[in-house]
Amino acid sequence: MSGDHVALVDVNNFYVSCERVFDQRLVNRPVVVLSNNDGCVVARSQEAKDLGIGTGEPFFKVQRYIQSHNLAVRSSNYELYGDMSARVMELLGRFGTWHEVYSIDESFVGLEGNLEQVRTTAAQIRASIDKSIGVPVCVGVSSTKTLAKFANHIAKRNANLGGVCVSELMDQDVLDKIMSLVPATEVWGVGRKTGAKLAGMGIQSIADLKASDPLAIRKKFSVVLQRTVFELNGQRCIGPVEERSDKGQVMFTRSFSTPVRTREAMEEVMSIYAQKAASRLARENRYASLLTVTAGTSRFAKGEASFPTTQVRLRRPTRDPIVLTRLAIAAMNELMRPGVDYVRGGVILSGLSDTPGDQQLDLFGEAADPKEQESANVSQVVQNISAKFGAQAIGLGRAGIAQVPDWSMKREHISQRFTTHWDELPVVKA
């Protein structure tokens, strides 16, 4: 990893900021973004935080603020957020000697130069993203990733810094004072459970954790937390961060807006999810050797409980949507109980590889089954169309329905997909 300094660039209130780019009526208003099926709050503007609205709070509990405080509500618009994230990350890649995407709204960037040059570059990053994309970011810069995250924490909470904090330009006494006031749980990778155990050892603040014995921390916790201690002391020892998506599997699991009770409706679920998963495999040029299907009733339902799940070992690694759809439907049909209220379901593909399975029969010169070849041709057509026009452009069997199924995820407050769908692009009038 080259680069004299590490910058952590984080989009402020990312989901809300994406919504505000295309709807100026949301600026300076309390805004919340809801989870799947509009169940609870997953993102808040600063104004909403000031009202005391917490992350995870059920939507029905915050509805009173709509009238009393002009609260704006939006359903999660994953298409918009994903595209806006991609734009931010592409722009960030132009500034550093290296660039690592940490999450949908955070990236590490390697910066070279003296401290003043680095501060200038950090300010340029912030201004460029604001001008080109329109979302606000804060930039924290330091000698290690852990300290860069902490510098970003300072930048977010001190308006006089202009959204940029280079920790090595701060007075050391001031920096030490801040560390002594901020809980250890604010450190990157230190959760509540670990924080509680640290508190039992008398380690309450970041300053306490920085001053702790690395060997004792490793013995009591793990080598990961030991590295955190080293990083707080300026020793860079956390290598490249892998992408947050699980490279070992492709998963499509969702809650339904209305219960699924019939085999026909569940076949629709399995068809759509299996083909979405196959489409993602095609985009990533990977193949799966294990298919898992799952469904479940609500834990709070008064009726019959049912949590069917099973795995199907594929004859050879594949991403064929026809094969995966047939197997998913067949596997779930054997397990589900018609009449039971299923509120969620999913298809998971794992055992991923970069190459398809060997065609064993071809080694002996045996002719391929014409029906199998025809199926392969259809599958290739489906994959090609999906890759060019999107997964919604084509579907097989029950996944080819034109209208959204009744059980699909409820998003009653969703905004337009301003950047990814032609018929929803913003209209500018002069």
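Leaving aside residues up to four places away in sequence, histidine 5 touches Val109, Gly110, Leu111, Gly113, Leu115, Val118, Val141, Ser142, Glu168 and Arg236, where contact means heavy atoms within 4.5 Å. The model is predicted, so local features need pLDDT of at least 70 and side-chain atom pairs count only at pLDDT 80 or more, whereas totals for chains, interfaces and linings use all residues. Residues are numbered from 1 along each chain as its sequence is written, and side-chain values use heavy atoms, with hydrogens and water left out.

**Histidine 5**

- Histidine 5 lies in strand 1 (residues 5-11); strands (E, at least two residues) and helices (H or I, at least four) are DSSP runs numbered from the N terminus.
- Histidine 5 counts as buried because its relative accessibility is 9%, the classes being buried under 20% relative accessible area, exposed over 50% and partly exposed in between (1.4 Å probe, protein chains only).
- The side chain of histidine 5 reaches the backbone oxygen of glycine 113 at 3.0 Å.

**The hairpin of strands 5 and 6**

- Strand 5 (residues 99-103) and strand 6 (residues 106-111) run antiparallel and are joined by four bridges, where pairing requires that DSSP finds at least two bridges between two strands.
- The two strands form a hairpin with two residues between them, and histidine 99 has valine 109 of strand 6 as its bridge partner.

**Helix 1 against helix 5**

- Helix 1 (residues 14-22) packs with helix 5 (residues 78-92) at an angle of about 95°, their axes lying 10 Å apart; the axes are lines fitted to C-alpha atoms over the stretch in contact, and angles run from 0 to 180 degrees between N-to-C directions.
- That angle makes helix 1 roughly perpendicular to helix 5, a class that covers 65 to 115 degrees.
- From helix 1, Phe14, Tyr15, Cys18, Glu19, Val21 and Phe22 meet Tyr78, Leu80, Tyr81, Met84 and Ser85 of helix 5.
- The residues of this contact divide into nine nonpolar, one polar and one charged, with Ala, Val, Leu, Ile, Met, Phe, Trp, Tyr, Cys and Pro counted as nonpolar, Asp, Glu, Lys and Arg as charged, and the others, Gly among them, as polar.

**Positive phi at two asparagines**

- Most residues other than glycine have a negative phi.
- Asparagine 70, in the loop between helix 4 (64-68) and strand 4 (72-75), has a positive phi near 60° and counts as partly exposed at 42% relative accessibility.
- Asparagine 285, in the loop between helix 13 (263-284) and strand 10 (288-296), has a positive phi of about 55° and counts as partly exposed at 43% relative accessibility.

Definitions and conventions: Angles under 35 degrees count as roughly parallel, over 145 as roughly antiparallel, 65 to 115 as roughly perpendicular and the rest as oblique. A polar contact is a pair of N or O atoms within 3.5 Å; within protein, one must be able to donate a hydrogen and the other to accept it, and residues adjacent in sequence count only if both atoms are side-chain atoms.
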